[in-house]
Amino acid sequence: MEVVNTFMTWIFKNRIGQIENFKTNPIEVQEKLLKELVEKAEDTEFGKKYNFSKILSYDDFAKQVPIHSYEQITPYIEKTMKGTQNVLWPSDIIWFSKSSGTTSSRSKYIPVSEESLEDCHFKGGKDMLSLYVNNYQDSKLFTGKSLSIGGSLSKNPFNGESESQVGDISAVIMHNLPLWVQFARTPSLDVALMGEWESKIERMANEVMDENVVSIAGVPTWTIVLIQKILELKNAKNILDVWPNLEVFFHGAVAFGPYRKLFRELIPSSKMRYLEIYNASEGFFGIQDQKESEELLLMLDYGIFYEFIPMEEMSKESPNVLPLSAVEVGKNYAMVITTNGGLWRYAIGDTVKFTNTSPYRIKISGRTKHFINAFGEEVIVENADKAIQAAAEATNATITNYTAAPIYFGDSKSKAAHEWIIEFRQFPSDEQKFLETLDATLREVNSDYDAKRYKDLALIAPKIHFVHEGVFEKWLKSKGKLGGQNKVPRLSNSREYIEEVLKLM
């Protein structure tokens, strides 16, 4: 295995020169990429509508193609899902990534072209390994298996007779991985793509616990659930008793900070490494490329053209949109992407701050809307409002305000949840019914929350504080924010607000 490790490390290090190229020539790389994307899609339905044949520069592109939200691009996506090709992108699209995202729909569907798979998602996975082995010369990454925890696939809901499928981006990627990668990963593909999570975790634990797992890639939430199950089955104190050669966790999707303490408990080794990646249904965007910094290198040659909207412009009808060359360090921007999957000037919903412009490095700063995404559940205000309204109607209650935040994993045996403070003018006739209705409605309108709540595997039922009118006013007054447009955030990944309000109750 040492020979294999040495050879594979050499193979992956060869990519470093190409990464250095876009770090050195970022604007040239991006301008060339935009030209290629526009030319390739010139004869698509979308390209004809916006006269791609007349686009000769970035300025032309910005003038002719408007910014699109998911709702605005949905008709094109649904037309593709129903079987029409050459709508947004010229190559046939038979894969669609599914997630809740930041829309008011229960699920959103993102087209995944062959180009976006090969030149973006797969390339991102390879670069993740390239940067890692380049930084850690002593790595034994290729002497064992990589554990990857993915989602599941299902039939296209708009065209059940077609060969096209929908699923989490992790499932789409896993299904299409080349054979040599399948050989290097665990669990087996059949188990990895199971849809029923309780059985899946049980099967995964039994299948992977006797493997030589060297690396883990996945969302912290499900990784914790799986590790807890393995420790239970093995009667082990920590996962290093099971996988002594484990050296790195590649993580993404949610902020890792709240999980650090728990992972140190589960993996008590100062040699354990954690590397953040920034990938989503829409594409693979960034990789932590430095050993001593959590900044993410913005990957500029993945078939994605980037633009940015300053957050202070977001409320305007015609916001000022900037190319990469115009961004500034320390400012908060909403990210807009044009991709080789057929997303054109698409506002992804994420916000980033640049920490450097030579090369371009970022930190994820949040979302353009209030949300809770501590465990990959992506609950947005629209979801919460629907759940609150349904619960109030079911219990004849009148609500004046609310806020919610995560209860993070406290230790290796604890469960996570959402904690709510809800202010009532008229209290519910049945508090338990209110809680159950709120929880059930959230599960109905948000597929990611539903998956995390399934049989209490990752999230248990919400905790609700039923409070009298005036509590939030008292909090705002204590912060000197009473009056005007100041208000308690409805949803937040941080517990700062909810803990401050609880102290005043």
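**Rings, cavities and a pocket**

Mentor: Let us begin with a charge and a ring: the charged end of Lys145 sits over the ring of Phe183, at 6.0 Å from the ring centre. Please keep in mind that this is a predicted model.

Trainee: Over which ring does the charged end of Lys200 sit?

Mentor: The charged end of Lys200 sits over the ring of Trp197, 4.2 Å from its centre.

Trainee: How is a pair of aromatic rings described?

Mentor: One gives the distance of the centres and the angle of the planes. This structure holds 37 aromatic pairs. One of them joins Phe256 and Phe263, with 5.3 Å centre to centre and 45° between the planes, and is tilted. Both Phe256 and Phe263 are buried.

Trainee: Why is the pair of Trp475 and Tyr497 edge-to-face?

Mentor: The planes of Trp475 and Tyr497 stand at 75°, and planes over 60 degrees apart count as edge-to-face. Their ring centres are 6.1 Å apart. The pair links distant parts of the chain, since Trp475 lies in helix α17 (residues 471-478) and Tyr497 in helix α18 (residues 496-503), 22 residues apart.

Trainee: Is Trp475 buried or exposed?

Mentor: Trp475 is buried, because its relative accessible area is 2%, under the 20% limit. Tyr497, at 25% relative accessibility, counts as partly exposed.

Trainee: Which residues form one aromatic cluster?

Mentor: The cluster consists of Phe249, Phe256, Tyr259, Phe263, Tyr274, Phe375, Tyr408 and Phe409.

Trainee: What lines the second largest cavity?

Mentor: Phe22, Lys23, Pro26, Leu297, Leu298, Leu300, Pro359 and Tyr360 line this space, which amounts to about 30 Å³. Seven of these residues are nonpolar, none is polar and one is charged.

Trainee: How much space lies in the second largest pocket?

Mentor: The second largest pocket holds about 410 Å³. Its lining comprises 18 residues, of which Val225, Gln228, Lys229, Glu232 and Ser412 are the closest to the centre. Helix α12 gives the most to the lining, with five residues. The lining divides into six nonpolar, three polar and nine charged residues.

How values were computed
Residues numbered from 1 in each chain as written. Predicted model: local features only at pLDDT ≥ 70, side-chain atom pairs only at ≥ 80, totals over all residues. Heavy atoms only, no water. 1 Å grid on protein atoms, 1.4 Å probe; cavity = no way out; pocket = protein on both sides within 12 Å on 5 of 7 lines; lining within 4 Å. Points joined across faces, edges and corners; volume = space filled by probe spheres on them. Helix = DSSP H or I, 4+ residues; strand = E, 2+ residues; numbered from the N terminus. Nonpolar A, V, L, I, M, F, W, Y, C, P; charged D, E, K, R; others polar. Phe/Tyr/Trp six-rings, centres within 6.5 Å; stacked < 30°, edge-to-face > 60°. Buried < 20%, exposed > 50% of the residue type's maximum accessible area, 1.4 Å probe, protein only. Lys NZ or Arg CZ within 6 Å of the ring centre and 35° of its normal.
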